[in-house]
Every structure is written in C-alpha cells, then in structure tokens.
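User: I have a protein model open and want to know what stands behind the labels used for it. Please go through them one by one.

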Amino acid sequence: MTLEIVSSTKSHGGWHKRYRHRSTALDCDMVFAVYLPPQAEQDATLPVLYWLSGLTCTDENFMQKAGAHRLAAELGLIIVAPDTSPRGEGVADDPEGAYDLGFGAGFYLNATRQPWARHYRMYDYVVDELPALIEANFPVSDRRGISGHSMGGHGALICALKNPGRYHSVSAFAPIANPMNCPWGEKAFAAYLGEDRSRWREWDASVLIADAAEKLPILIDQGDRDDFRVAQLKPETLQAAASAASHPLQLRLQAGYDHSYYFIASFIDDHLRHHAKALNG
C-alpha cells in the first residue's frame with residue numbers, strides 16, 4: 001500500500017509525520033499522523049500507542065495540543081493518530097452539517113445502514129487495516145496500546161474489550177462510556193446501525209465489559225466540570241459495570257477540569273506512563 005507523506009516536523013528529537021493513503025476498509029483516502037521518537041532511528045522496534053480523537057477532530061488535534069511528544073520521546077513510544085471518520089467526495093455526510101454525525105463523527109464502529117455502510121467502517125480501519133499498515137512501514141513491535149478522548153475514548157474501550165490479546169494497555173479521557181443511552185450515541189447508532197437497539201450493544205463499553213474475555217486494566221480520567229459528563233459521558237455507568245464484573249478500572253475524577261485539551265495535556269503524562277509500563281514490560 002502506497003504512503004504519501006503530507007508533512008514532516010522535528011519534535012523533541014523525533015519526528016511528527018503525516019501520511020495519506022488509500023483505505024480499503026473505508027473506500028476513500030485517509031490521513032494519519034505518527035510520532036516517531038528518537039529511538040526509531042536506532043534500528044529499534046518500539047511499542048506503539050494508538051490515539052483515537054473525539055467529535056469534530058482530525059489526526060492533528062492530539063499531536064498539536066496534548067503535549068505528548070516530550071515524554072513519548074523519553075519513553076520510546078511511537079504514537080499513531082488516525083482521522084475520526086472517512087472523508088472526501090462521495091463519502092456520506094450529515095445533510096444538515098451536524099457535528100455529531102458524518103464527517104468527524106465515525107464513532108469507531110462498522111456501519112450497517114445506508115448510506116453509511118459503504119465508507120463508515122472505522123472499527124475495521126483502526127483494529128486491522130491501520131495497524132497492518134503501520135507494522136509494515138514503521139519500526140514498531142507487536143506491542144500495542146490504545147487510548148482516546150470522548151468519542152475516541154469510547155473507541156479505545158470497545159477496541160480493547162472486543163479484541164482480547166490484541167492490546168497490552170488501554171486508557172481514556174472522558175469517554176462516551178454508555179453510548180446507547182446518551183444523545184450522541186443514540187443519534188449515531190440509529191443512523192449507522194438502525195433502530196434495533198439490540199445491535200447497539202456490541203459497540204457499548206458499559207455492556208461489553210460484563211463479558212470481556214480479558215480483564216485488561218483500564219485508566220480513565222474525567223473532569224468534574226465537564227459539561228458533558230452527566231448527559232453524554234456517563235462514567236459512573238461504566239464504573240458500576242466494571243465493579244459488577246470485577247474488571248480493574250481506575251476512574252479518576254479530576255477537580256476543576258472540563259472536556260478540553262487543557263485537561264488532556266494536564267494528565268497525558270500519567271497515561272503515557274500507564275501504557276509504557278505495560279508495553280515495555
């Protein structure tokens with residue numbers, strides 16, 4: 001598969017690079033970003049952390065705003081950040097231009113309902129196609145971690161819960177923890193999957209955790225001044241489900257923090273160390 005480099009920028013001794021390629025899973029061109037720490041130039045194979053961003057974001061938000069490069073360079077972590085949805089001519093988008101459906105709102109699932117089913121298969125892209133591409137073109141090992149924010153936190157949780165053994169670590173910032181019971185999730189799931197709510201269950205972390213075949217420890221940070229916490233994110237629902245299933249979950253409610261990248265930048269070091277401990281172990 002051909003990779004076209006979009007940009008290359010030196011950062012903390014390593015390189016932040018953006019690439020474009022043709023995705024088979026999504027049937028469109030996609031852009032992703034990769035941070036290669038200095039160790040990547042030393043013929044080493046390094047663990048990789050996949051970061052999934054939230055609604056309205058692209059591959060650029062995390063790489064520019066989270067301040068993750070400095071510690072990733074110290075820890076020897078490669079970070080990969082895909083876009084949040086398929087895009088481009090011929091790809092379905094919300095006809096009213098809503099921010100929570102269509103472009104920027106792929107929800108990391110495989111759509112089954114038209115007109116979305118042709119392109120909106122972000123789950124297949126994130127779990128299978130993109131890692132295969134990364135592992136064929138960059139000095140990465142098969143030790144993978146996954147993390148994300150908001151919609152991307154939802155994506156990180158379901159990818160880890162649905163794929164025992166594929167990831168060595170998982171974390172999330174303010175994830176949409178119970179999407180089948182919140183306005184964002186209900187709108188997206190109805191559009192992408194149809195009205196049969198039984199089909200939504202396989203994309204909801206608060207449901208999946210009950211029968212998870214692997215009890216991978218989960219770290220979650222949530223701001224207590226996040227305007228979306230009660231109606232959209234529902235971290236307590238996931239916490240209750242994890243407790244009932246005896247699934248290790250550390251939910252940290254951070255006083256005074258909201259839903260923004262200031263919040264992510266404040267605690268990203270803890271998450272990188274959480275992943276590095278598992279990935280380098």
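**Labels and the values behind them**

Analyst: Gly54 has a relative accessible area of 3% and is buried. The model is a predicted one.

User: Why is Gly54 called buried?

Analyst: Buried means under 20% relative accessible area. Gly54 has 3%, so Gly54 falls under that cut-off and is buried. Gly54 sits in the loop between strand S4 (46-52) and helix H1 (60-65).

User: Which residues does Gly54 touch, leaving out those up to four places away in sequence?

Analyst: Thr84, Gly104, His149, Ser150, Met151 and Gly152.

User: What is the phi of Ala174, and why does Ala174 count as buried?

Analyst: Ala174 also is not a glycine and has a positive phi, of about 45 degrees. Its relative accessibility is 0%, which is under 20%, so Ala174 counts as buried. Ala174 belongs to the loop between strand S7 (169-173) and H5.

User: How do you know that the peptide bond from Gln114 to Pro115 is cis or trans?

Analyst: Omega is near 5 degrees, and the bond is cis. Most peptide bonds are trans. Pro115 is in the loop between S5 and H3.

User: How many aromatic pairs are there, and why is the pair of Tyr19 and Phe138 called edge-to-face?

Analyst: There are 16 aromatic pairs. In this one the ring centres are 5.4 Å apart, within the 6.5 Å limit, and the planes stand at 70 degrees, over the 60 required, so the pair is edge-to-face. Tyr19 is in strand S2 (residues 14-23) and Phe138 in the loop between helix H3 (122-137) and strand S6 (140-148), 119 residues apart, so the pair links distant parts of the chain. Both Tyr19 and Phe138 are buried.

User: What makes Tyr120 and Tyr192 a stacked pair?

Analyst: The angle between their planes is 25 degrees, and stacked needs under 30, so the label holds at a centre-to-centre distance of 5.4 Å. Tyr120 is in the loop between strand S5 (78-82) and H3, whereas Tyr192 is in helix H5 (residues 183-193), 72 residues apart. Tyr120 and Tyr192 are buried. Tyr192 is also among the residues with the most contacts inside the largest nonpolar core, which has 96 residues.

User: How do you know that Lys162 lies over the face of Trp203?

Analyst: Lys162 is 4.5 Å from the ring centre of Trp203 and lies over its face; the distance limit is 6 Å. Lys162 lies over the face of Tyr123 as well, at 5.4 Å from the ring centre.

User: Why does the radius of gyration agree with a compact globule?

Analyst: For 281 residues a compact globule would have a radius of gyration near 19 Å, and the protein has 17 Å, so the two agree. Buried residues make up 58% of the 281. The C-alpha trace spans about 50 × 45 × 35 Å along its principal axes.

Key. Residues numbered from 1 in each chain as written. Predicted model: local features only at pLDDT ≥ 70, side-chain atom pairs only at ≥ 80, totals over all residues. Heavy atoms only, no water. Helix = DSSP H or I, 4+ residues; strand = E, 2+ residues; numbered from the N terminus. Buried < 20%, exposed > 50% of the residue type's maximum accessible area, 1.4 Å probe, protein only. Contact = heavy atoms within 4.5 Å. Core = buried A, V, L, I, M, F, W, Y, C linked by side-chain atoms within 4.5 Å. Phe/Tyr/Trp six-rings, centres within 6.5 Å; stacked < 30°, edge-to-face > 60°. Lys NZ or Arg CZ within 6 Å of the ring centre and 35° of its normal. Rg over C-alpha atoms; globule rule 2.2 N^0.38 Å.
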